[in-house]
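Thank you all for coming; I would like to walk you through one model this morning, moving from contact to contact. Please have the sequence and the structure open while I talk.

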Amino acid sequence: MDILKSKSTSLGWTVSIFLSCLVAASSGQIRYSIPEEMRKGLFVGDIAKDLGLGVDRLVSGRARLVIADDNQYVALNQNKGHVVVSEIIDREKLCGKKSPCSFSLEIVLEDPLELFSITIEIQDINDHAPSFPKKEINLEISESTPTGTVFLLDSAADPDVGINSLQSYSLKENRHFILKQRSRADGSKFAEIMLQTALDREKQSEHALVLTAVDGGEPQRSGTVKIHIAVLDANDNAPVFTHSVYKASVLETVLKGTVIAKVSAVDADQGYNGNVTYYFTHLEEDSSCPFEINSYTGEVKLTGDIDYEVSPNYEINLQAKDPWGVTGASKLIIDVADVNDNSPVITMASYSGKISEDSLLGTVVALISVQDKDSGKNGQVHLNIEDSLPFKIKSSLRNYYTLVTKDLLDREKLSKYNITLTATDEGFPALSSKQTVVLDVTDINDNAPTFKQSIYSTQVMENNLPGVILLQISATDSDQGQNARISYFLIDGDVNGNPVSTYFSINIESGIIKSTRSFDFEQVKEYKIRVQAQDGGSPPLNSNATVIVRVEDQNDNPPQVLYPVQTGGSLVAEMVPRSADVGYLVTKVVAVDVDSGQNAWLSYKLQKATDRALFEVGLQNGEIRTIRGVTDKDAVKQRLTVSVEDNGQPSRSATVIVNVAVADSFPEVLSEFTDTQDKEYNDNLTFYLVLALAVVSFLFITCLVVIISVKIYRWRQSRVLYHSNLPVIPYYPPRYSDTLGTGTLPHVYNYEVCRTNDSRKSDCKFGTVGSQNVLIMDPSSTGTMQRIQSEKNILDKPDSPLEVS
C-alpha cells in the first residue's frame with residue numbers, strides 16, 4: 001500500500017507552477033487565471049495596465065470591486081492598480097466538480113462612471129488524494145458464482161478535477177479476481193472485479209484484496225481500501241433491475257417525505273434466495289444526499305433540502321442484493337426543476353445620497369446592481385421607479401442599472417426625494433423586492449434675498465440722540481446654509497451733499513438702522529435712503545429697498561421778534577398823540593417761529609405795562625392799541641413788555657419791550673428820555689469806578705510783595721557768592737531785568753478809558769493782562785520797561801429795550 005504524501009508538502013510546488021496568470025481581454029472584459037490555495041496578498045493581475053488606466057485614475061475614480069458573492073476572494077490595491085488575493089480560495093468548495101471554475105466581478109469607477117467586467121478562473125491543484133467512502137468493502141459471493149461474473153466496487157472520490165482527479169485503479173495480485181476499470185458518461189471512473197477462477201468455499205471461505213485508487217497529479221496521490229470477500233453457499237441468480245437507468249423530476253419546493261421515484265429488481269431465484277433489498281452505493285462518507293431508499297420497497301423519498309441553484313440534478317447508483325450477496329446495479333437520475341423561489345436582490349453599487357439642484361438632465365445619481373438566483377425567466381429582472389419622480393432607470397451592463405435625472409431639480413420646491421426601487425422578475429407568480437433610498441438635493445445660490453416690502457417708512461423726533469434705533473428691515477432667502485445668510489448694507493448716496501453714512505448706520509446682520517447724528521426738522525424734513533440685502537453665496541445675489549425717514553417737528557425754537565427792531569445802541573419809542581382816541585393803533589409786534597404746525601402758532605400777551613389801563617395787545621395779530629382815550633395825566637414815557645408765546649408742548653416764548661411816548665412834540669419826548677438816561681449812566685459809572693479801584697489796589701499790593709521777595713532772595717545769593725571764591729555768574733529771572741538792584745513788575749497791565757458822546761458821563765475800565773504788552777530787556781545797560789497802552793473810545797450804551805426769555 002502506498003503511503004499518502006502530506007498535503008502541505010505539495011502546496012509550494014503547485015503555487016510555483018501556477019503563479020503566472022493568463023490574461024485575456026476582449027469587448028471590455030478581462031480574464032485572469034490563478035491556482036487555488038494562493039496565500040492572502042499574492043498578486044492576481046495588474047488591472048491598471050490591462051485596462052489601460054493610470055493609477056491616478058483609479059484613485060480619483062474611487063475604484064472598487066463589486067462581487068456578487070458574499071465571499072470577498074480578491075481585493076483592489078488602488079495605489080498600485082493590482083488585484084490581490086484577500087482570502088484563500090478552495091476551488092472544490094467554490095465550484096465542486098464544475099470545470100472550468102471561475103467567478104465574475106466588476107470594477108466600478110466614478111467621475112465619470114465606468115464599469116469593467118473581470119472573470120477570475122481558479123485552476124485546480126492536486127491537493128486531495130483519492131479516498132474511498134469506507135475503510136473496508138465487504139462482499140459475499142456464492143461459490144457457485146460463474147467465472148466472468150463482475151462485482152461492482154465502491155468508487156473512490158477525488159474532489160480535484162482534470163488530471164488531478166481519479167485516473168485509475170489497481171488491485172493487488174491474486175488468483176481468483178482481476179480488476180476491470182470502467183468510465184461513466186460524465187467521465188468518472190469506477191472499478192469492478194471479475195471472478196476469473198471459480199471459488200470453492202470448502203477450500204477457502206474468505207479472501208482479502210487491496211484496491212488502490214491513483215490520481216494523475218504531480219506528485220501523484222493515492223488511496224486504498226481493503227476488500228473482504230466471504231464465500232457463500234450456492235446462489236445461482238443475481239437480482240436484475242427493471243430499468244438500467246431510472247429518471248425522475250422534482251420541483252425544488254417539494255416537501256420532505258415526498259416519494260420521488262420507485263425502483264424494482266427481480267431475482268430469478270425462489271424462496272429465500274429471491275428476496276431482494278435495495279441500497280444507494282458510491283456515496284461519499286460526508287455526502288449529504290437529500291434522498292433515501294426503502295430497502296424493501298425501493299421507494300426513494302426526499303429527506304433533505306434541494307435547491308436548483310445549488311445542484312440542478314442528482315445521479316445516484318442503485319444496488320439490488322439478494323440474501324446471498326449477489327447484486328444487480330442500476331442508476332437513478334433526478335432532475336430538479338427550477339421554481340421562482342428567489343426574490344431579486346437590489347444592491348447600491350455606487351450611491352452618494354446627494355445631488356446638486358443645478359444638475360443637468362441625464363446626470364447619473366446611482367449605479368444599481370440587481371441579482372436573482374433563479375434561472376431562465378425566473379431570473380430575468382426589471383427595475384422600475386415611480387413615474388412622478390424627476391428620475392428614470394436606464395439599463396446599463398448585465399444586471400446593472402443607472403438612476404439618472406429626467407427633469408430639472410429645484411431644492412426650494414422639494415429638498416429631499418424618497419425613491420422606491422422595485423425589482424420584479426418574470427417568473428410566475430412574479431416575485432419582487434423593494435428598496436427605498438433617500439436623495440438629498442444640495443443647494444446652489446439661485447435665489448436673491450427678498451424684502452418683505454419694497455418701501456419702509458418710519459418717523460423720528462428731531463433733536464434725537466445719535467444712535468437711536470429708527471427701524472429694522474428684514475429680508476428672506478429661500479436658499480439654504482451660507483447661500484441664505486443675509487447681510488444688510490447702505491447703498492452709497494448723498495444727503496445734503498454728505499455721504500449717507502454720516503446720517504445713518506445699519507447692522508450688517510440684524511438690519512437695524514440707527515441714526516448717527518441728531519436731526520433738525522427745520523433743515524431736512526425727510527430722508528430717503530436705499531438699502532441692500534446680500535446673501536453669502538458665490539457669487540452673491542442681492543436686492544434693494546427704499547427707506548423713508550420722516551423727521552417730526554419738536555418745539556425747539558422760541559419765537560423771533562422781527563419788529564420792533566431790537567437795537568442795543570439807542571432807545572426807539574413809538575409816539576402817541578394825546579388826542580388819540582379809543583382803539584388807536586400804536587404799533588404792531590411782528591414775530592415768527594421757524595417750527596411748524598401748532599409749534600408755530602403764536603399768541604401775543606401784554607406782560608407788563610406802565611399803565612395797563614391804557615394799552616392792550618391783540619392775541620393773534622400782536623397789534624398794540626389804546627383801550628381808552630389819552631389824557632394829560634398820563635405819563636409821557638410808557639414802557640410795555642409784550643410776550644410772544646407759541647403753541648408747542650412745552651411752549652416757548654420771547655419778550656420785547658416797546659417804549660411809547662405820549663406827547664404831541666419831539667422836544668418834549670427828548671427831554672424826558674434824556675433825564676432818565678443820565679441817571680442810569682451815573683449809577684453805572686459809580687459802580688465801575690469802585691470796582692477798578694479795588695482791583696488796582698489788590699494788584700499793587702501783590703506786586704510789592706513779589707518785588708520785595710525777589711530782592712531779598714537776590715541779596716542772599718550775592719552774599720553766598722561773595723564769601724566763596726567761585727566766579728560770579730549773574731542770574732536774570734525770566735521776564736525780569738535788573739542791573740541796578742531795582743526790581744520791575746513781571747506783567748504790564750492795560751488801563752482802558754472809555755468816553756461817551758455825552759461829556760457828562762465817562763467810564764473807566766481796568767483790563768486783564770494785556771496781550772500786546774512788550775517787555776524790552778537790555779543786559780548791557782540799565783533795564784527799562786516800556787508799556788504800550790491801547791485806548792479805545794466806547795460809545796454810549798443805553799439799556800437794551802429787548803429782553804428775551
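What you see is a predicted model, in which local features need pLDDT of at least 70 and side-chain atom pairs count only at pLDDT 80 or more, whereas totals for chains, interfaces and linings use all residues. Residues are numbered from 1 along each chain as its sequence is written, and side-chain values use heavy atoms, with hydrogens and water left out.

I will start with the salt bridges, meaning a side-chain nitrogen of Lys or Arg within 4 Å of a carboxyl oxygen of Asp or Glu. A search of the whole structure turns up 17 of them. In one, Asp611 and Arg628 meet through their side chains at 2.9 Å, N to O. Because Asp611 lies in the loop between β48 (602–609) and β49 (615–617), and Arg628 in the loop between β50 (623–626) and β51 (637–646), this pair ties together parts that are 17 residues apart in sequence.

Is Asp611 buried or exposed? With a relative accessible area of 19%, Asp611 is buried, whereas Arg628, at 24%, counts as partly exposed.

A second bridge joins Glu192 and Arg182, whose closest N and O atoms are 3.3 Å apart. Since Glu192 belongs to strand β13 (residues 189–195) and Arg182 to strand β12 (residues 177–183), the pair ties together parts that are 10 residues apart in sequence. Glu192 is buried, at 14% relative accessibility, while Arg182 is partly exposed at 40%. Glu623 and Arg625 form another bridge, with a closest N to O distance of 3.0 Å, and Arg625 is partly exposed, with a relative accessible area of 28%. Elsewhere, Arg62, Arg64, Glu110 and Asp111 are linked in a network of salt bridges.

Now to the aromatic rings. A pair of aromatic rings is described by the distance of the centres and the angle of the planes.

Tyr503 sits in the loop between β39 (498–499) and β40 (504–506) and Tyr527 in strand β42 (residues 526–535), so parts 24 residues apart in sequence are tied together. Tyr503 is buried at 5% relative accessible area, and Tyr527 is buried at 4%.

What sits over the ring of Tyr503? The charged end of Arg517 does, 4.2 Å from the ring centre; the criterion is that NZ of Lys or CZ of Arg is within 6 Å of the ring centre and within 35 degrees of the ring normal. In the other case I want to show, Lys321 lies over the face of Tyr279, at 5.3 Å from the ring centre.

Let me finish with the cysteines. The structure holds one disulfide, for which the criterion is a pair of cysteine sulfur atoms within 2.5 Å. That disulfide joins Cys95 to Cys101, with an S to S distance of 1.9 Å. The torsion about the S-S bond is about 65 degrees, so the disulfide is right-handed, and both Cys95 and Cys101 are buried. As for two further cysteines, Cys289 is partly exposed at 23% relative accessibility, and Cys703 is buried at 14%.

How values were computed: Buried means under 20% relative accessible area, exposed over 50%, partly exposed in between (1.4 Å probe, protein chains only). Helices (H or I, at least four residues) and strands (E, at least two) are DSSP runs, numbered from the N terminus.
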